[in-house]
Amino acid sequence: MKLPLSWVKEFVNLPAKITAEQISQAFTRVGFEVESIEYQGQDLKGPLVVGKVLSIEELTEHKKPIRYVGLDVGSGKKRFVICGARNFKVNDLVVVAIPGAVLPGNFVISSRQTYGKLSDGMICSAKELGISEEHAGIIVLPEGKIGCDAIKLLEITDVIFDIAVNPDRGYAMSIRGLARELAGSLKCKFIDPAELVKNSKLKSLNSAKAITVKIEDKTGADQIFIRTVENVNAKRQTPIWMQRRIEKCGMRSISLAVDITNYVMLELGQPLHAFDAAVINGGLKVSRANKFTKLTTLDKVERKLQPDNLVICDSNSVLALAGTMGGLASEVTHETKRIALEAAHFNPSSVAKNSRFHKLSSEASRRIERNTDPALTEIASGRAAALLIELADAKYVGSSSAGIAIKKRKVKISIESISKLIGKSYSIKQVRDALLLIGCKVMGKGAVLNIEVPTWRPDLESSADFAEEIARLTGYEVIPLTLPVGKAGAKLSDMQIRRRQVATSLANQGFTEVINYPFVSQELIDLLGFTGDRAKSFRLLNPMSEDAPLLRTHLIPGLLTTLGRNLSRGAKDLAIFEIGTVFRNTAKTIKGQSPETNKRPSAKTIQEIFASVPKQMLFVAGVVSGEKLKSTWQGEGSKFDWSDAVSKVIEIITATGNNFEIANCELAPWHPGRCAEFKVDGKVVAHAGEIHPRVLAELNLPERSCAFAVILSELPVSKVIKPSKILSMPAVVQDVALVVESHVSASELEHSLKIGAGDLLESINLFDRYDRIGAGKISLAFTLTFRASDRTLTSDEVAKYRDQAIEQAKKDVGAVPRV
């Protein structure tokens with residue numbers, strides 16, 4: 001929200017010598033971040049005057065259209081300038097920089113010969129004056145005295161604060177709201193502009209000629225006010241003071257009627273819309289789109305309506321997308337004579353859904369999504385109607401309204417509980433003064449106060465909400481600095497330790513940890529070939545983006561997206577990993593629980609809380625692509641392959657103290673035949689291998705890119721590992737080469753050899769695989785290492801153990817020695 005200091009001063013009695021930096025600090029003290037401060041006019045120096053166009057000579061002999069313009073700048077003689085703009089005509093009033101003026105960027109204006117003519121000054125655009133980004137043409141003034149100071153007329157010298165407004169503070173997206181906050185921070189007098197409107201002469205007047213309104217869908221709005229005016233002179237131009245205030249707030253001037261609705265929205269925070277009353281048939285209604293299927297909005301885009309879209313319509317058609325944007329058919333034009341001004345308190349969720357579905361975010365929708373003040377519907381519509389009467393010679397016809405009565409909310413708070421929450425003792429006066437600053441009415445003098453909550457603060461509900469307000473308005477700096485005291489014997493959980501160990505290990509090996517959003521699209525799920533539990537996701541009611549409305553069921557989609565993004569930005573060799581939870585819709589959940597926060601929930605409530613959330617498993621997953629050892633002038637490097645992904649899974653599982661079984665499997669999105677499946681205690685816990693070429697091609701990723709994924713939460717927590725004794729006796733090594741069917745895995749054969757070899761087998765390692773024997777058979781060669789703790793093994797003993805191992809392998813998998 002952009003905040004001009006000149007406008008704020010109307011409602012806050014600021015100290016005379018206060019600086020912009022002090023004002024910025026005041027906003028920061030009460031929790032508002034000032035993103036930037038713009039000093040308009042600081043680098044602008046006159047003379048800058050209002051001039052009248054007396055003549056225009058078209059110079060056609062040049063490559064682009066050039067005009068030689070004669071001006072009256074109040075000096076008594078005609079002044080000529082060269083200008084390339086086309087948006088003005090004779091008798092128009094323009095802004096003229098006289099030689100000697102300095103424009104932003106240290107651009108000095110002087111008389112000079114150009115295009116064969118003497119240009120004695122310059123006609124200025126808004127961008128050249130540094131007051132907006134508009135540069136399509138020069139400024140054409142609606143009013144002004146020839147020769148007067150244009151800097152003063154355009155109110156150029158000003159300070160503009162760009163303030164970040166949190167989603168729960170919709171009231172602050174207005175001059176009224178931010179002025180109240182600034183006054184509270186500086187302890188200055190605040191004048192509420194809404195109260196000024198309440199005291200105006202314009203009263204609600206019911207008339208048969210006024211446009212009627214009703215709310216058909218009670219879930220979409222609870223308040224709406226329509227003011228009807230006629231005999232509107234829509235051709236009147238917006239006065240300069242209003243144009244400039246709108247521009248300083250980051251918007252642009254469009255037409256008088258539209259500018260008035262925008263001005264009131266900026267001033268009070270209540271969005272409004274002006275309908276051409278002549279096209280309204282049978283009154284206005286707030287309803288869902290239902291049977292209506294399309295609407296052409298003011299941006300001239302035809303939009304397909306969903307049945308649940310909240311709209312404003314008449315008896316024949318939809319006239320506006322409620323709280324978001326009006327329709328082109330009911331647009332106020334220069335020919336409009338009768339206007340219906342609408343101000344409503346719409347349901348924030350309904351407007352947010354409108355905005356997200358149509359990918360249409362407007363100044364109005366951004367305010368309504370944060371919730372507006374229901375009491376402003378009557379006030380803001382009255383303010384806009386009064387401005388139309390004043391500036392467009394309109395005549396007030398009457399008003400119509402619908403909705404429920406606005407109820408005053410009352411809350412009891414305990415000063416003791418507030419002090420306990422914050423960690424500082426507050427007096428009754430401190431609490432009372434802080435709450436009065438934000439518009440609350442405070443009743444009572446004891447330790448418990450009755451608070452009447454202002455209509456613009458729907459976020460104030462519990463003691464914690466009031467504690468936050470009291471803390472920020474009395475100053476965070478007065479809260480004692482105390483370190484929290486942890487519980488005796490507190491320590492990391494087994495899963496926290498495991499997570500840290502895995503992350504540290506991968507990082508030490510050159511992997512980069514990434515954190516992705518836990519959202520994914522259905523298209524990506526389908527592309528990766530997820531089926532079964534991996535395809536059972538949850539659709540978000542209010543997604544950050546409609547492009548990714550589902551909760552992720554796996555980490556691989558996000559990692560592949562991140563890999564592609566980094567490769568597109570110039571990266572070549574990447575090894576990234578992520579540790580995070582996934583969400584699978586595999587079990588029925590109960591309704592969500594909202595327990596009280598002032599005491600520990602019961603065991604039953606805690607059980608219900610866990611039963612109300614989806615199954616969440618902790619994964620670690622990684623993706624590798626490119627070279628693991630860089631190619632240099634000394635020689636070729638080596639590229640990542642499927643074995644690197646498999647080895648990372650083996651490292652992770654063994655580091656947790658678990659034994660595993662490994663087998664070949666076919667599982668999307670991995671390449672068939674190049675995917676390994678890992679089981680611990682018979683349960684599948686991991687997959688690793690090369691990504692399917694089809695997936696890589698669709699995502700424009702390098703060939704042979706590989707990935708691994710391990711379910712950390714499914715790995716059993718092992719007991720304390722006791723290291724084996726260091727034996728001093730020599731080891732005896734035996735090699736065996738066995739022929740098995742090609743479908744028999746190396747791990748199956750290794751398992752059989754271990755069983756048959758007996759307790760003196762120290763280690764077993766696969767060192768060769770030969771698959772050209774034919775007849776569907778392969779040869780696997782292992783090194784078996786035997787060692788006894790108390791003696792040196794004889795060759796006969798070792799041969800016996802070796803033969804037992806071969807016999808066991810023959811029995812289990814049909815292995816025979818290779819000859």
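Me: How many cavities of 30 Å³ or more turn up in a search of the whole structure?
Reply: The search finds 1. A cavity here is a set of points on a 1 Å grid over the protein atoms alone where a 1.4 Å probe fits but cannot get out. Keep in mind that this is a predicted model, where local features need pLDDT of at least 70 and side-chain atom pairs count only at pLDDT 80 or more, while totals for chains, interfaces and linings use all residues. Residues are numbered from 1 along each chain as its sequence is written, and side-chain values use heavy atoms, with hydrogens and water left out.

Me: OK, what volume does the largest cavity have?
Reply: About 100 Å³, counted as the space filled by probe spheres set on the grid points, which are joined across faces, edges and corners.

Me: And which residues come closest to its centre?
Reply: Those are Tyr-171, Arg-176, Leu-268, Leu-376 and Trp-456, out of 13 lining residues (lining means having an atom within 4 Å of a point).

Me: Which helix gives the most to that lining?
Reply: Helix α4, residues 175-186, with 3 residues. Helices (H or I, at least four residues) and strands (E, at least two) are DSSP runs numbered from the N terminus. By class, the cavity lining has 4 nonpolar, 6 polar and 3 charged residues; Ala, Val, Leu, Ile, Met, Phe, Trp, Tyr, Cys and Pro count as nonpolar, Asp, Glu, Lys and Arg as charged, and the others, Gly among them, as polar.

Me: Who makes the contact between them?
Reply: On α2 it's Ile-23, Ala-26, Phe-27 and Arg-29, and on α4 it's Leu-178, Leu-182, Ser-185 and Leu-186, with contact meaning heavy atoms within 4.5 Å. That gives 6 nonpolar, 1 polar and 1 charged.

Me: How do α11 and α13 pack?
Reply: Helix α11 (residues 415-422) meets helix α13 (residues 463-474) at about 70°, with their axes 9 Å apart. So these two are also roughly perpendicular to each other. Ser-417, Ile-418, Leu-421 and Ile-422 of α11 touch α13 residues Ser-463, Ala-464, Phe-466, Ala-467, Ile-470 and Ala-471. The contact has 8 nonpolar, 2 polar and no charged residues.

Me: Where does Pro-669 sit?
Reply: In the loop between β35 and β36. A cis peptide bond joins Pro-669 to Ala-668, with omega about 10°. Another cis bond runs from Gly-46 to Pro-47, omega near 15°, and Pro-47 is in the loop between β2 (33-40) and β3 (48-59).

Me: What's the phi of Asn-91?
Reply: Positive, about 80°, although Asn-91 is not a glycine. You'll find Asn-91 in the loop between β5 (78-83) and β6 (93-97). Lys-359 also has a positive phi, near 50°, and lies in the loop between α8 (348-358) and α9 (363-369).

Technical notes: 1 Å grid on protein atoms, 1.4 Å probe; cavity = no way out; pocket = protein on both sides within 12 Å on 5 of 7 lines; lining within 4 Å. Axes fitted to C-alpha atoms, helices over the stretch in contact; angles between N-to-C directions. Parallel < 35°, antiparallel > 145°, perpendicular 65-115°, else oblique.
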